[in-house]
Amino acid sequence: MGILGLSKLIYDVAPNAVKENEFKNYFGRKVAVDASMSLYQFLIAVRQEGVQLTSSDGETTSHLLGFFYRTIRMVDNGIKPLYVFDGKPPQMKSGELEKRNERRAEAQKALETAQEAGDTAEVDKQSRRLVKVGKTHVEEAQKLLTLMGIPFINAPCEAEAQCAALQKAGVVYGVATEDMDAMTFGTEVLLRHLTFSEARKMPIKEFYLNKVLEALEFNMDEFIDLCILLGCDYCDSIKGIGPKRAVELMKTHRSIETILEKLDTKKYTIPEHWPYKEARTLFKEPEIGEPKSFDVKWVAPDEEGMVAYLCGEKGFAEDRIRNGCKKLAKARQTSTQGRLDGFFKVSATKFSHSRCHFIIISGS
């Protein structure tokens, strides 16, 4: 779920915090990619005649096709992806996971009804709702990334928290995910739609945390409290308080504690045993690995290994995989060039002569 309604709220109250960009403009950038989110997207999106792709023995391969081709697209555009996989979920997320299981059970019933009625559109819709990322999907994706020479990290807990830590430490430029709670963990540059931007012909949305805080006139602690009020994976929101009201309350009272002291409990229902403090701690002090302790390297792809795995074991067409491997190898050589802005220092010298002004940018 992430943070309920946060992206729309940012568009409404801080439109300058969002920028549209093109795939090609990330040339030379290192980007942390929420791998678990990508897995889920690929399992839903990469389909044929309404069902997931499978090998001859019936094993799902949609996620492998997605990782192979969309990673190649990124590398082909000079992007260096670093995939980050979820670790164990925090105990506080158990409630959200239980809700997801309930929604999945409802979807299963709706699917059976649609199948009996012969409603193909509804069958497809409910089938997508039943998609679940499993341990095998993760292991297979990691095996493929290793063969492709693409680095990945297993986060000790939430992938979004680890991605945020990597970005704040300067290991990567931004974080590619659809979950807005990456910003609540402190991601300063969040990239939405990056992994499927090219495929769907849509722009990448950049969200800048500093501009969000500036527009709201909040510090980071206040922003975290706002996100908890909106609704997060760790606790329910207060019934009756929507995004607009949540912002108003935070601007007036500046913390959840003060809001609770002043809140009209006859009008707004506070959840019993509401663990907002624990949620706040999870956002401020998440379980993460030291960002610069990871051995992150983009290495040469293993073409024969990929052919053996994807074609020999998973039934992919060899000519397509070899063509993809060639693109990957070629793109890797091209991406060794740095970004233009990496060759210059931030400092500049300015001087004037007559009516002309000159700026000299010194190279690094």
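## Helices α6 and α15

In this predicted model, E140, K143, L144, L147 and M148 of helix α6 meet G305, M306, Y309, L310 and E313 of helix α15, where contact means heavy atoms within 4.5 Å. The axes of α6 (residues 135–148) and α15 (residues 303–313) come within 8 Å and cross at roughly 145 degrees; axes are lines fitted to C-alpha atoms, for helices over the stretch in contact, and angles run from 0 to 180 degrees between N-to-C directions. The residues of this contact divide into six nonpolar, one polar and three charged, with Ala, Val, Leu, Ile, Met, Phe, Trp, Tyr, Cys and Pro counted as nonpolar, Asp, Glu, Lys and Arg as charged, and the others, Gly among them, as polar.

Residues are numbered from 1 along each chain as its sequence is written, and helices (H or I, at least four residues) and strands (E, at least two) are DSSP runs numbered from the N terminus. Because the model is predicted, local features need pLDDT of at least 70 and side-chain atom pairs count only at pLDDT 80 or more, while totals for chains, interfaces and linings use all residues, and side-chain values use heavy atoms, with hydrogens and water left out.

## Helix α11 and its partners

The axes of helix α10 (residues 209–216) and α11 come within 10 Å and cross at roughly 85 degrees, and the two helices are therefore roughly perpendicular to each other, a label given to angles of 65 to 115 degrees, whereas those under 35 count as roughly parallel, those over 145 as roughly antiparallel and the rest as oblique. Here L209, V212, L213 and L216 of α10 meet M220, F223 and L226 of α11, and by class this contact has seven nonpolar, no polar and no charged residues.

Helix α11 (residues 220–230) also has an axis that comes within 10 Å of that of helix α14 (residues 276–284), crossing at roughly 125 degrees, so α11 and α14 are oblique to each other. D221, I224, D225 and I228 of α11 make this contact with Y276, A279, R280, F283 and K284 of α14, and its residues divide into five nonpolar, no polar and four charged.

## The open sheet

Seven strands form an open sheet in the order β1-β9-β8-β7-β2-β5-β6, with mixed pairing, two strands being paired if DSSP finds at least two bridges between them. At the edges stand β1 (18–21) and β6 (152–154), each with a single partner strand, so one side of each is left without a neighbour in the sheet.

Strand β5 (residues 80–85) runs parallel to β6 and is joined to β6 by three bridges; V84 has I153 in β6 as its bridge partner.
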